[in-house]
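Subject: Handover of a structure for your review

Dear colleague,

Please find below the structure that I am passing on to you.

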Amino acid sequence: MGLIFIRTIIVFIATLVVMRLMGKRQIGEMQPYELVITLIIADLACIPMADNSIPLLYGLVAILTVYLLHQIICLLDLNFAKAKAVVSGIPSIVLNKNGIDDAELKKNNLDVSDLIESLRVEGYFSLDAVQYALYEAEGTFSALPKPDYDKMQTSLPVILIDEGKFDEKNIAYTQKDKAYYLDVLKKLGCKNIKKVLVMTVDGNGKVYFQQKGEKYKTLSLSWERTLW
Amino acid sequence: MIRTIVSLLISLGLLIGISFYESNRVQKTFERFDEVLQVLYDKIEAKEVTYEDGTAVEAFWENQKNTLHIWLPHTAIQEIDYQLYEAVGYLYVRDYDSAMPKIEILIGMCENIPQSYRFSWENIL
């Protein structure tokens with residue numbers, strides 16, 4: 001039983017480390033250690049139940065060990081902020097007043113399209129309509145909109161450049177060509193498309209543009225009519 | 001907070017208690033079984049063994065294995081059953097040469113099984 005006790009601790013810690021390394025994307029509304037417990041405990045209960053050759057006590061000892069670890073983590077969570085940060089992680093601010101924080105996104109194995117998707121789920125369709133956006137430690141997404149954000153999102157923005165690459169389908173959707181947008185990039189002071197983190201445009205011609213490591217810019221293209 | 005600490009200490013105490021009891025229990029049971037098997041082995045070697053000696057060892061094992069089922073995988077116990085019943089069968093027909101290797105296997109198992117429950121890196125990993 002002592003071996004099962006130690007082995008359960010090792011499996012628990014290994015699974016927790018992997019979950020923390022995977023970033024917030026894999027968690028989704030649970031603290032990492034809660035997800036680990038959910039993953040492990042089902043098997044611990046099932047194996048001795050289904051396999052008659054394994055003493056039931058093996059499963060009970062492993063479950064009791066998981067409970068013990070849960071209680072230890074709860075104590076650490078409540079009393080030691082640093083331990084809580086290591087075990088559960090900390091919120092990641094992925095969008096601030098300067099725009100998207102690419103490094104913070106990468107830390108959590110996320111990309112710009114994941115961020116835009118999360119914003120849309122929260123009801124924010126335009127990147128410049130939000131002051132702050134963050135992924136909580138348990139993987140949920142929170143956003144603080146600008147006071148007049150509803151005036152900023154009158155049309156659905158589409159991604160034209162995502163991390164240095166043109167989205168051909170969306171360019172065709174805007175009824176323009178690459179050359180047109182290369183001109184727009186020149187106007188925005190960008191010479192190398194690979195440095196572009198994101199560029200979106202909505203049906204009114206409002207462009208959201210951000211180069212890697214720089215503050216975002218917006219630009220209004222003089223389109224004759226609203227395209228969508 | 002106090003409830004958490006108390007539950008933590010109780011579960012830790014239970015786990016440590018169970019671990020030491022299991023280790024001790026398995027070790028002692030197999031030490032006794034090993035002694036009994038050694039006596040049987042010496043008797044077979046000296047060709048002084050009877051079928052009743054074999055059944056006495058069998059009865060001893062039957063008595064011990066009931067509690068071992070709590071601690072050991074049942075397949076390990078079945079393996080001992082299988083080797084022991086065969087050995088006693090050979091004693092019944094007085095085939096001592098065939099019985100001896102079976103008893104040797106059982107003596108080996110008495111050393112190996114408790115070893116696989118000791119705290120060591122090989123067993124943990």
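How many residues of chain B are in contact with chain A, and how many residues of chain A do they touch? Please bear in mind that this is a predicted model. In it, 22 residues of chain B are in contact with 20 residues of chain A. On the side of chain B that touches chain A, at least two residues each come from α1, α2 (51-71), α3 (74-92) and α5 (121-124) of chain B. The largest share of that side, 11 residues, is supplied by α1(B). Sorted by class, the side of chain B that touches chain A consists of 12 nonpolar, 9 polar and 1 charged residues.

Chain B

The secondary structure of chain B consists of 5 helices and 0 strands, and its elements follow the order α-α-α-α-α from the N terminus on. The radius of gyration of chain B is 19 Å, whereas a compact globule of 125 residues would have one near 14 Å. The C-alpha trace of chain B spans about 70 × 30 × 20 Å along its principal axes. Of its 125 residues, 23% count as buried. Taking the contacts in chain B between residues at least 6 apart in sequence, 65% join residues at least 24 apart.

Helix α3 of chain A

Helix α3 (residues 56-79) of chain A has 24 residues. From its first C-alpha to its last it reaches 35 Å, close to the 34 Å expected at 1.5 Å a residue. Its buried residues include G59(A), V61(A), A62(A), L64(A), T65(A) and V66(A), and L68(A), L69(A), H70(A), Q71(A) and I73(A) are buried as well. Against what do the buried residues of α3(A) pack? Within chain A, their partners are α1 (2-22), α2 (32-50) and α4 (81-88); from chain B, α1 (2-45) also packs against them.

The sheet of four strands in chain A

Chain A holds an open sheet of 4 strands in the order β2-β1-β3-β4, with antiparallel pairing. β2 (99-100) and β4 (141-145) of chain A stand at the edges with a single partner strand each, so one side of each has no neighbour in the sheet. Helix α6 (residues 112-122) of chain A packs on this sheet and touches β1, β2, β3 (130-135) and β4 of chain A; the direction of α6(A) makes about 70° with that of β4(A).

Strand β1 (residues 92-96) of chain A is joined to β2(A) by 2 bridges, and the two run antiparallel. There, N96(A) has G99(A) in β2(A) as its bridge partner. Between β3(A) and β4(A) there are 5 bridges in the antiparallel sense, and Y135(A) is bridged to F141(A) of β4(A). β3(A) and β4(A) form a hairpin with 5 residues between them, and G139(A) in the turn has a positive phi of about 95°.

The sheet of five strands in chain A

An open sheet of 5 strands in chain A has the order β6-β5-β7-β8-β9, again with antiparallel pairing. Its edge strands, β6 (165-166) and β9 (217-220) of chain A, each pair on one side only. Strand β5 (residues 158-162) and strand β7 (residues 196-201) of chain A pair in the antiparallel sense over 4 bridges, with V198(A) in β7(A) as the bridge partner of D162(A). Helix α6(A) packs on this sheet too, touching β5 and β7 of chain A; its direction makes about 160° with that of β5(A).

With kind regards

Terms used
Residues are numbered from 1 along each chain as its sequence is written. Chains are lettered from A and ligands numbered from 1 in the order in which they are written. This is a predicted model: local features need pLDDT of at least 70, side-chain atom pairs count only at pLDDT 80 or more; totals for chains, interfaces and linings use all residues. The expected span of a helix is 1.5 Å times one less than its number of residues. A residue is buried if 20 or more other C-beta atoms lie within 10 Å of its own, exposed if 12 or fewer, and partly exposed in between; C-beta atoms are placed from the backbone. Two residues are in contact if their C-beta atoms, placed from the backbone, lie within 7 Å. Ala, Val, Leu, Ile, Met, Phe, Trp, Tyr, Cys and Pro count as nonpolar, Asp, Glu, Lys and Arg as charged, and the others, Gly among them, as polar. Two strands pair if DSSP finds at least two bridges between them. Axes are lines fitted to C-alpha atoms, for helices over the stretch in contact, and angles run from 0 to 180 degrees between N-to-C directions. The radius of gyration is taken over C-alpha atoms; the globule rule is 2.2 Å times the number of residues to the power 0.38.
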